[in-house]
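Trainee: I am new to this structure and would like to understand how the chain is arranged. May we go through it step by step?

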Amino acid sequence: QVQLVESGGGLVQAVGSLRLSCVASGSIFSTRSIGWYRQAPGKQREWVAAITSRGSSSFADSVKGRFTIFRDNAKNTVYLQMNSLKPDDTAVYYCNYWVYSPRTPSGSWGQGTQVTVSS
């Protein structure tokens with residue numbers, strides 16, 4: 001079972017940037033497809049971005065053009081680079097692995113990392 005730990009959140013002003021990290025345990029990390037998700041107060045958790053084991057990426061429309069996702073298999077880490085942040089991006093961000101679709105993650109959820117964007 002892959003265990004994932006998120007970090008890198010914080011308080012940032014609008015149009016600022018943050019980079020989140022998702023560190024995984026387990027030797028098969030390089031074969032896993034990983035997604036980033038977020039949950040804002042009072043809202044359901046939603047998918048944000050995903051990267052396959054081969055490095056192909058995809059994004060939700062709400063973050064397309066502002067967020068990028070990349071991985072460093074040597075460090076068992078997937079990063080979410082968030083630029084041009086907006087107050088609507090405020091949420092707890094989580095990572096998880098997926099098998100068939102990033103919209104149906106397969107693992108258990110960690111504690112996430114809080115991102116707060118001030119206007």
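Trainee: In what order do the elements of the protein chain run from the N terminus on?

Mentor: Please keep in mind that this is a predicted model. The protein chain holds 0 helices and 10 strands. Read from the N terminus on, the elements therefore give the run β-β-β-β-β-β-β-β-β-β.

Trainee: Is Tyr37 buried or exposed?

Mentor: Buried means under 20% relative accessible area. The relative accessibility of Tyr37 is 3%, so this residue counts as buried.

Trainee: What kind of aromatic pair do Tyr37 and Trp109 form?

Mentor: A pair of aromatic rings is described by the distance of the centres and the angle of the planes. The structure holds 3 aromatic pairs. For Tyr37 and Trp109, the ring centres are 5.2 Å apart and the planes stand at 85 degrees, so the pair is edge-to-face.

Trainee: How many residues apart in sequence are the parts that this pair ties together?

Mentor: Tyr37 lies in strand S4, whereas Trp109 lies in the loop between strand S9 (91-98) and strand S10 (113-118). Trp109 is partly exposed, with a relative accessible area of 32%. Tyr37, Tyr94 and Trp109 form one aromatic cluster. The parts tied together by the pair of Tyr37 and Trp109 are 72 residues apart in sequence.

Trainee: What kind of pair do the rings of Phe70 and Tyr79 form?

Mentor: Phe70 counts as partly exposed at 29% relative accessibility, while Tyr79 counts as buried at 14%. Their ring centres are 5.0 Å apart and their planes meet at 25 degrees, so the pair is stacked.

Trainee: Where is Ser7 placed, and which residues does Ser7 touch, not counting those up to four places away in sequence?

Mentor: Ser7 belongs to strand S1 (residues 4-7). With a relative accessible area of 35%, Ser7 is partly exposed. Leaving aside residues up to four places away in sequence, Ser7 touches Arg19, Leu20, Ser21 and Thr113.

Trainee: What is the radius of gyration of the protein chain, and what would a compact globule have?

Mentor: Along the principal axes, the C-alpha atoms of the protein chain fill a box of roughly 40 × 25 × 25 Å. A compact globule with 119 residues would have a radius of gyration near 14 Å, and the protein chain agrees with that, at 13 Å.

Trainee: What share of the residues in the protein chain is buried?

Mentor: The accessible surface of the protein chain comes to about 6300 Å², and 47% of this surface belongs to carbon and sulfur atoms. Among contacts with a separation of 6 or more, residues 24 or more positions apart account for 55%. Of the 119 residues in the protein chain, the buried share is 45%.

Terms used
Residues are numbered from 1 along each chain as its sequence is written. This is a predicted model: local features need pLDDT of at least 70, side-chain atom pairs count only at pLDDT 80 or more; totals for chains, interfaces and linings use all residues. Side-chain values use heavy atoms; hydrogens and water are left out. Helices (H or I, at least four residues) and strands (E, at least two) are DSSP runs, numbered from the N terminus. The radius of gyration is taken over C-alpha atoms; the globule rule is 2.2 Å times the number of residues to the power 0.38. Buried means under 20% relative accessible area, exposed over 50%, partly exposed in between (1.4 Å probe, protein chains only). Contact means heavy atoms within 4.5 Å. Accessible areas come from the Shrake-Rupley method with a 1.4 Å probe; for residues, only the protein chains shown count as cover. Rings of Phe, Tyr and Trp (its six-membered ring) pair if their centres lie within 6.5 Å; planes under 30 degrees apart count as stacked, over 60 as edge-to-face and the rest as tilted.
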